[in-house]
Amino acid sequence: MTAEITLPTAKELGLSVRFIKRGPGGIKTHKKASAELREAKKVRSSKRAKVTVDIFDSPELKEWNNETGRLRSYVEHVCPPYGMGGERFLANQLIPEFTQKTDAGLIECKKWEDAFLASLHILKVRYESDGGDLSDLPWPTLEELRSKFHVEIDVNELSDVQDVRLGGVNEEQRSRYEQEVRNTHERKIRGVIRHCSEEVETRLTSVIQKMNDFKPRDGDKKAEGVFRDSLIGNVKEIAGLLEHWNITNDPAVDAVRRRLLTDIGSVNPSDLRSDENLRRKVKRNAEDILSRVGAFGQVKD
């Protein structure tokens, strides 16, 4: 028989984080050239064809976008989704490392933002020189561009289902919306658990596939299905994250975490490549652990 696990209050779990980014886009539609193109090519709809121009063509702006992309990827990597509104869950234990890495990422983003803004005069000269008849689009001011840059990690406390305050409503409405708050909270918690299972499944499936596909070098015949050391490193990494993502203290999650470390994470990748029996063993272990991931979110009575 199974029983639903007891959910902790939200404030005991961690924080809510949201990655926010906006910036200038250098790709502009040249309306006059677009109209001329459609007329010359007999295009009837304005949505079918248009002429676009990259007025900046800036390596610094590209680096800013790359850096913000890396920062977003890190946030999404260590913070599971928490509901459907863009919030993500940051476990309390990960806050020191998270703060250090995001602070460094934000500094790097600001560096490329400043470099881009400092190069505006050169970019305008290049645009006018290279753009030919398409170089007559309006050029934004420094102030206009500066106001378009914004990168932020928005951090908030998670709501507490025990602290629902609804003034000015009758008892029936209050009961209904208190229950809605509790239901929403539970859906978000369950979403974190689903994310745990999906991440473990991804890594274990990769291990199983690689153990199936790998064939060592045989004389002049090259090795097939080769894999990198990161195959095992990725398993150890997800085991480390599970320790922080297991916000319901689910014993099934902890059991999987420990087996990921002992049965797979402890294996030397070089030994895997040279030992067929070890590859079979790791594959069996991965398949067995994978079969237990479905138990996430429930405990035995």
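The protein chain has a radius of gyration of 27 Å, whereas a compact globule of 301 residues would have one near 19 Å; the radius is taken over C-alpha atoms, and the globule rule is 2.2 Å times the number of residues to the power 0.38. This is a predicted model, in which local features need pLDDT of at least 70 and side-chain atom pairs count only at pLDDT 80 or more, while totals for chains, interfaces and linings use all residues. Residues are numbered from 1 along each chain as its sequence is written, and side-chain values use heavy atoms, with hydrogens and water left out.

**Overall architecture**

- Along the principal axes, the C-alpha atoms of the protein chain fill a box of roughly 80 × 75 × 45 Å.
- The protein chain has ten helices and seven strands; these are DSSP runs numbered from the N terminus, with helices (H or I) of at least four residues and strands (E) of at least two.
- Of the 301 residues, 36% count as buried, where buried means under 20% relative accessible area, exposed over 50%, and partly exposed in between (1.4 Å probe, protein chains only).
- Among the contacts in the protein chain with a separation of 6 or more, 76% are between residues 24 or more positions apart; a contact means heavy atoms within 4.5 Å.

**Strand pairing around β2**

- Strand β2 (residues 14–22) pairs with β5 in the antiparallel sense over four bridges, and two strands count as paired if DSSP finds at least two bridges between them.
- Within this pairing, glycine 14 has alanine 91 of β5 as its bridge partner.
- Strand β2 is also joined to strand β6 (residues 150–157) by eight bridges, again antiparallel.
- In β6, isoleucine 153 stands opposite phenylalanine 19.
- In a regular strand the side chains alternate between the two faces of the sheet.
- In strand β5 (residues 88–91), Arg88 and Leu90 point one way, Phe89 and Ala91 point the other way, and all are buried.

**Nonpolar core**

- The largest nonpolar core has 64 residues, and those with the most contacts inside it are Phe98, Phe116, Val200, Leu260 and Phe296.
- Such a core is a set of buried Ala, Val, Leu, Ile, Met, Phe, Trp, Tyr and Cys residues joined through side-chain atoms within 4.5 Å.
- Leaving aside neighbours within four places in sequence, phenylalanine 98 is in contact with Val17, Tyr74, Val75, Val78, Cys79, Leu90 and Ile153.

**Aromatic pairs**

- A pair of aromatic rings is described by the distance of the centres and the angle of the planes.
- Rings of Phe, Tyr and Trp (its six-membered ring) pair if their centres lie within 6.5 Å; planes under 30 degrees apart count as stacked, over 60 as edge-to-face and the rest as tilted.
- The count by this rule is eight aromatic pairs.
- One of them, tyrosine 82 with phenylalanine 89, is tilted, at 6.3 Å centre to centre and 35° between the planes.
- Both partners are buried: tyrosine 82 has a relative accessible area of 4%, and phenylalanine 89 is at 0%.
- A cluster linked by ring pairs comprises Phe56, Trp64, Phe116, Tyr127, Trp139 and Phe149.

**Cysteines**

- The structure holds zero disulfides, a disulfide being a pair of cysteine sulfur atoms within 2.5 Å.
- The closest cysteine sulfur to that of cysteine 79 belongs to cysteine 196, and at 12 Å it is too far for a bond.
- Cysteine 79 is buried at 0% relative accessibility, and cysteine 196 is buried with a relative accessible area of 2%.

**Loop residues**

- Valine 293, in the loop between α10 (276–292) and β7 (298–300), is buried at 1% relative accessibility.
- The C-alpha atoms of valine 293 and cysteine 196 are separated by 8.8 Å, although the two residues are 97 residues apart along the chain.
- Not counting residues up to four places away in sequence, valine 293 touches Ser197, Val200 and Glu201.
- Aspartate 57 is not a glycine, yet has a positive phi of about 45°; this aspartate is found in the loop between β4 (52–54) and α2 (59–78) and is partly exposed, with a relative accessible area of 48%.
- Asparagine 249, likewise not a glycine, has a positive phi of about 50°; this asparagine lies in the loop between α7 (230–245) and α8 (251–265) and is exposed, with a relative accessible area of 66%.
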